[in-house]
Amino acid sequence: MKKDLVGYRLRDVVGRGAWEGDTRLHLIPHVNCRVADLRVRRIRRGRHQIVDFSLPYGDVLHDYLA
């Protein structure tokens, strides 16, 4: 099993729209991502963006098993 830290640089980024305003946060618990267990004290701002982009192959930044 590979254990790499991979970095990506988005290409051909085109913004289609963006909105700010009142928001709420809904986090769903997942076995591989424990961010839903974090306590949220305050939500400062909410932003929604619609963006088109290309995601090329990533660059290995660090190989943890090397």
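A salt bridge is a side-chain nitrogen of Lys or Arg within 4 Å of a carboxyl oxygen of Asp or Glu. By that rule, a search of the whole structure turns up four salt bridges, and we will visit some of them on this tour.

This is a predicted model, in which local features need pLDDT of at least 70 and side-chain atom pairs count only at pLDDT 80 or more, while totals for chains, interfaces and linings use all residues. Residues are numbered from 1 along each chain as its sequence is written, and side-chain values use heavy atoms, with hydrogens and water left out.

**Stop 1: the whole chain**

Start with everything shown as a cartoon. You will find zero helices and four strands, and from the N terminus on the order is β-β-β-β. (Helices, H or I with at least four residues, and strands, E with at least two, are DSSP runs, numbered from the N terminus.)

Now turn the model around. The C-alpha atoms fill a box of roughly 45 × 35 × 15 Å along the principal axes. The radius of gyration is 17 Å, whereas a compact globule of 66 residues would have one near 11 Å. That radius is taken over C-alpha atoms, and the globule rule is 2.2 Å times the number of residues to the power 0.38.

Of the 66 residues, 5% count as buried. Here, buried means under 20% relative accessible area, exposed over 50%, and partly exposed in between (1.4 Å probe, protein chains only).

Among contacts with a separation of 6 or more, 85% are between residues 24 or more positions apart. A contact means heavy atoms within 4.5 Å.

**Stop 2: strand β2**

Select residues 11-21, which make up strand β2. How many of its 11 residues are buried? The count is zero, and β2 is hardly covered. Two strands pair if DSSP finds at least two bridges between them.

Next, click on Asp12, which also lies in β2. Its phi is near 55 degrees, a positive value in a residue other than glycine. Asp12 is exposed because its relative accessible area is 61%.

**Stop 3**

Side chains of opposite charge can pair when their charged atoms come close. Glu20 forms a salt bridge with Arg45, with the closest N and O atoms 3.5 Å apart.

Arg47 stands opposite Glu20 in the strand pairing. Arg47 counts as partly exposed, at 49% relative accessibility. Salt bridges that share partners join Glu20, Arg45 and Arg47 into one network.

For another salt bridge, select Arg34 and Asp37: their closest N and O atoms are 2.8 Å apart. Arg34 is exposed, at 60% relative accessibility.

**Stop 4: a nonpolar patch**

Which residues form the nonpolar patch on the surface? Select Val6, Tyr8, Leu10, Val13, Val51, Phe53, Leu55 and Val60, which together have about 730 Å² of accessible area. Patch residues have over 30% relative accessible area and no salt bridge; like charges are joined within 9 Å and nonpolar side chains (Val, Leu, Ile, Met, Phe, Trp, Tyr) within 5 Å.

Look at two members more closely. Val13 is exposed at 52% relative accessibility. Phe53, in β3, is partly exposed at 44%. Leaving aside neighbours within four places in sequence, Phe53 is in contact with Leu10, Arg11, Asp12 and Val13.

**Stop 5: Asp59**

Finish at Asp59 in strand β4, residues 59-63. Asp59 counts as partly exposed, at 49% relative accessibility. Not counting residues up to four places away in sequence, Asp59 touches Leu5, Val6 and Gly7. Draw a distance from Asp59 to Cys33: these residues are 26 apart in sequence and 22 Å apart in space, C-alpha to C-alpha.

Key: Areas by Shrake-Rupley, 256 points an atom, 1.4 Å probe, with all protein chains shown as cover.
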